[in-house]
Amino acid sequence: MNNLRQQFIEFSVHTGVLRFGEFTTKAGRQSPYFFNAGLFHDGATLAQLAQFYAQTLLDSGIEFDMLFGPAYKGITLASATAVALAGKGRNTSFAFNRKEAKAHGEGGNLVGAKLQGKVVIIDDVISAGTSVRESVDMIRAAGAEPCAVLIALDRMERSGAPDGTLSPNSAVQEVSNLYNIPVISIGNLDDLFTYLNSKGADPQLLQHKDAVAAYRQRYGIA
C-alpha cells in the first residue's frame with residue numbers, strides 16, 4: 001500500500017468517517033465497516049480530503065480538462081478538489097447537476113462551467129452505479145467525454161441480484177466495463193485490510209480485522 005493510500009485510510013478512521021461495528025449496507029448486507037463521506041463536514045477535514053482526491057487524480061496520469069460532481073455529495077467533492085488542484089498549480093473548471101431542473105434564471109439542471117473536453121466524475125463511492133450512469137448521460141449529451149471516475153473508497157464488493165446471486169464483478173468493475181473508462185479510488189478494501197494488519201497488536205481492532213476478513217471472503221471480488 002503506497003503512503004498516500006495508507007494516510008487516507010488512517011485519516012478516515014481518525015475522523016470517524018470510516019467506522020467499525022455492525023452496519024446494514026444499501027444492498028441489505030451486514031457489513032463490519034461503514035464509510036460515510038458526509039461526515040467530512042468541517043473545513044479542515046474537507047480540505048484534507050480534497051488534497052487526497054487531487055493528488056490521486058494527478059498521480060493517475062489521466063488526461064482531463066474538467067471535473068463533474070453528481071448531486072449531492074459529488075457537488076462538494078468536485079468543488080473542493082478543484083480548489084486543491086489549483087493549489088497544486090492545476091487550475092481546473094468544474095460543474096455539477098441539480099436533482100430538479102431550474103425553470104428561471106440560468107435554467108436547466110447543470111451549474112458551473114460548460115461541459116466540454118475530457119471530464120472526470122467525482123463522487124464518494126459507487127454502490128449501484130446510478131449516479132455514474134446519470135452523469136455519463138449528461139456529459140455525453142453536452143458533447144463532452146467522460147474520461148474517468150474518481151471515488152474515495154472502493155469496497156471491492158461483488159454486486160448482487162435480488163435473488164441473492166452474486167455477480168463475479170463489483171459495481172466499480174461493472175461501471176468501468178460498461179463505459180470503458182477507469183475508476184480510480186483513493187483507497188480500497190485491500191488498503192483497509194492492510195491497515196488492520198498493521199494495527200494487529202491493538203486488541204480493539206483485532207475483532208474487526210477478523211470480521212472484515214470474513215466479509216471479504218464472502219463478498220469480495222477475486
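Which helix supplies the largest share of the lining of the largest pocket? In this predicted model, local features need pLDDT of at least 70 and side-chain atom pairs count only at pLDDT 80 or more, while totals for chains, interfaces and linings use all residues. Residues are numbered from 1 along each chain as its sequence is written, and side-chain values use heavy atoms, with hydrogens and water left out.

The answer is helix 4, with six residues. The pocket (an open set of points on a 1 Å grid over the protein atoms alone, where a 1.4 Å probe fits, with protein on both sides within 12 Å along at least five of seven lines) holds about 950 Å³ of space. Among the elements giving at least two lining residues each are strand 2 (30-35), helix 3 (73-87) and helix 5 (171-179); helices here are DSSP runs of H or I with at least four residues, and strands are E runs of at least two.

Now to the helix packing. Helix 1 (residues 3-14) packs on helix 2 (residues 43-60) at about 155°, the axes being 11 Å apart; axes are lines fitted to C-alpha atoms over the stretch in contact, and angles run from 0 to 180 degrees between N-to-C directions. The two helices are therefore roughly antiparallel (over 145 degrees). On the helix 1 side, Leu 4, Gln 7, Phe 8 and Phe 11 make the contact (heavy atoms within 4.5 Å). Their partners in helix 2 include Leu 49, Phe 52 and Asp 59.

Methods. Angles under 35 degrees count as roughly parallel, over 145 as roughly antiparallel, 65 to 115 as roughly perpendicular and the rest as oblique. On a 1 Å grid over the protein atoms alone, a cavity is a set of points where a 1.4 Å probe fits but cannot get out, and a pocket is an open set with protein on both sides within 12 Å along at least five of seven lines; lining residues have an atom within 4 Å of a point. Grid points are joined across faces, edges and corners, and a volume is the space filled by probe spheres set on the points.
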